[in-house]
Amino acid sequence: MNITQSITRLYHQFASPPYFYRISGLWLPYIMGLFILLFAAGLYGGLVTAPTDYEQGEAYRIIFVHVPAAWMSLFIYMVMAISGAIGLIWRMKLAEIVMICSAPIGASFTFLALATGSIWGKPMWNTWWVWDARLTSELLLLFLYLGVMALYNAIEDKRTAARAVAILAIVGVVNIPVIHYSVEWWNTLHQGPTVTKFDKPSIHLSMLIPLLIMAVAFKLFYIGNLFMRVRTEILVREQKSKWVKELAEES
Amino acid sequence: MKPARKKRLFFIIFLITGIAVAAGFALYAFNQNLMFYFSPSEVKQGKAPVNKLFRMGGMVVEGTFKKEKNTLKVFFDITDYEKTVTVEYTGLLPDLFREGQGIISRGKLNSDGIFVAEEVLAKHDENYMPPEVAESLKKAKK
């Protein structure tokens, strides 16, 4: 069997809701277990073992939540838009479900990034909020997530809703590079990138390691949370099918 | 790929390109408004609005910070390493304010060319390190 065939097979397997339901149920405990482990390690590393910053003292420690949350807000949006495009082109049900289940998680991470940034901004910048390019484009991202959720719920037929939402999500992709490069294209109050640049990260290794552990932990949390939401959505949509009925009788 | 799927794929590519071009034009047109602050050079060149509030950002020049006795009024120079503008400010300064640190202030130019600020914000840079490392970096520079 060649590679193209095996990819096609894998694609069809994962596109099948019963298969995904079974496999994700097997993976879920490991994903969440690893998340709890890394989250605890990252928090301990960030809040206890990482040294204080030379300028900001202890207050900088909010970056261990703020930065991974901001990364997740962009990452989840890309997952949402790409699965939206897959759903639109191949009419794949599971991709539509992944798209719509990602929206509330992404919105939460965006809100978390905005809130922690604001809490940090008051003592450091001397303001809760400014309308600079980075902060404004990140706020726009929150509205895009909320728009996706609102539009999906406004349309009765869920397959039609998914198509409309996919287009909205794809259009919003333009905002993603704007958020990332806003601090380089324009003068902003928000500082430039520390880690996500081609240069060497301008953060000491003892602070970078817990930051990266937290970033991986947040990714795992997203995957675990997404799986739980997708599984529920699959059961709701397929409640009349044979395999769901069998599943219900078993338990 | 089936023709119907191909059509939808092209539709999506067309959609993204179209929106990206439109957004690019819009951002390009608003470029000046998206600048959060002016540099001292731009202010000296007269690019900043006159008699209107605007923001100016730069580094606080070492050794220029002066405080008026018994008031909260302070004076300091800010620079972009080309031109320097004196700032006058009455009020509390942020934690990160110090000489050699980047700041952004909002205010107006007065007739003497002094920037009268209503608000001073500290702009933090992207560097994070423990104090000992900062200390040794300083020594290495000297």
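Domain bounds, in what follows, come from an automatic or database domain assignment. For chain B that assignment gives domain 1 (3-32) and domain 2 (37-122). The centres of domain 1 of chain B and domain 2 of chain B, taken over C-alpha atoms, are separated by 41 Å.

Some housekeeping before I go on. This is a predicted model, where local features need pLDDT of at least 70 and side-chain atom pairs count only at pLDDT 80 or more, while totals for chains, interfaces and linings use all residues. Residues are numbered from 1 along each chain as its sequence is written, and chains are lettered from A and ligands numbered from 1 in the order in which they are written.

Let me stay with chain B. It has 4 helices and 6 strands; helices (H or I, at least four residues) and strands (E, at least two) are DSSP runs, numbered from the N terminus. The order from the N terminus is α-α-α-β-β-β-β-β-β-α. Chain B is more spread out than a compact globule, because its radius of gyration is 23 Å, well over the 14 Å that the globule rule gives for 142 residues. That radius is taken over C-alpha atoms, and the rule is 2.2 Å times the number of residues to the power 0.38. Along the principal axes, the C-alpha atoms of chain B fill a box of roughly 80 × 45 × 25 Å.

Next, burial. A residue is buried if 20 or more other C-beta atoms lie within 10 Å of its own, exposed if 12 or fewer, and partly exposed in between, with C-beta atoms placed from the backbone. On that count, 24% of the 142 residues in chain B are buried.

Here is one of them. Val87(B) is found in strand E4 (residues 84-90) of chain B. Is Val87(B) buried or exposed? It is buried, with 22 other C-beta atoms within 10 Å. Leaving out residues up to four places away in sequence, Val87(B) touches Phe76(B), Ile78(B), Ser105(B), Phe115(B) and Ala117(B). Contact here is when the C-beta atoms of two residues, placed from the backbone, lie within 7 Å. Phe14(B) is 73 residues from Val87(B) in sequence, and their C-alpha atoms are 50 Å apart in space.

Asn70(B) counts as exposed because it has 6 C-beta neighbours inside 10 Å. Its phi is near 60°, a positive value in a residue other than glycine.

Now chain A. There are 9 helices and 0 strands. The C-alpha atoms of chain A fill a box of roughly 60 × 40 × 35 Å, along the principal axes. Buried residues make up 37% of the 251 residues. Of the contacts in chain A with a separation of 6 or more, 76% are between residues 24 or more positions apart.

Helix H1 (residues 3-15) of chain A has 13 residues, which at 1.5 Å a residue should span 18 Å, and its end C-alpha atoms are 18 Å apart, which agrees. The expected span is 1.5 Å times one less than the number of residues. How many of the 13 residues of H1(A) are buried? The number is 0, so H1(A) lies largely in the open.

H2(A) bends by about 35° at Trp27(A), and a proline, Pro29(A), follows within four residues. The bend is the angle between axes fitted to the seven residues ending at a residue and the seven starting there. The buried residues of H2(A) are Pro17(A), Phe35(A), Leu38(A), Gly42(A), Gly45(A) and Gly46(A). They pack against helix H3 (63-90), helix H4 (93-125) and helix H8 (205-237) of chain A. Val48(A) is also in helix H2 (residues 17-49), but Val48(A) is exposed, with 9 other C-beta atoms within 10 Å.

Asn126(A) sits in the loop between H4 and helix H5 (133-154) of chain A. Asn126(A) is buried, with 20 other C-beta atoms within 10 Å, and its phi is near 85°, positive in a residue other than glycine.

Last, the two chains together. In the model, 32 residues of chain B are in contact with 34 residues of chain A. Helix H1 (3-29), strand E6 (115-122) and helix H4 (131-141) of chain B each give two or more residues to that side of chain B. The largest share, 9 residues, comes from H1(B).
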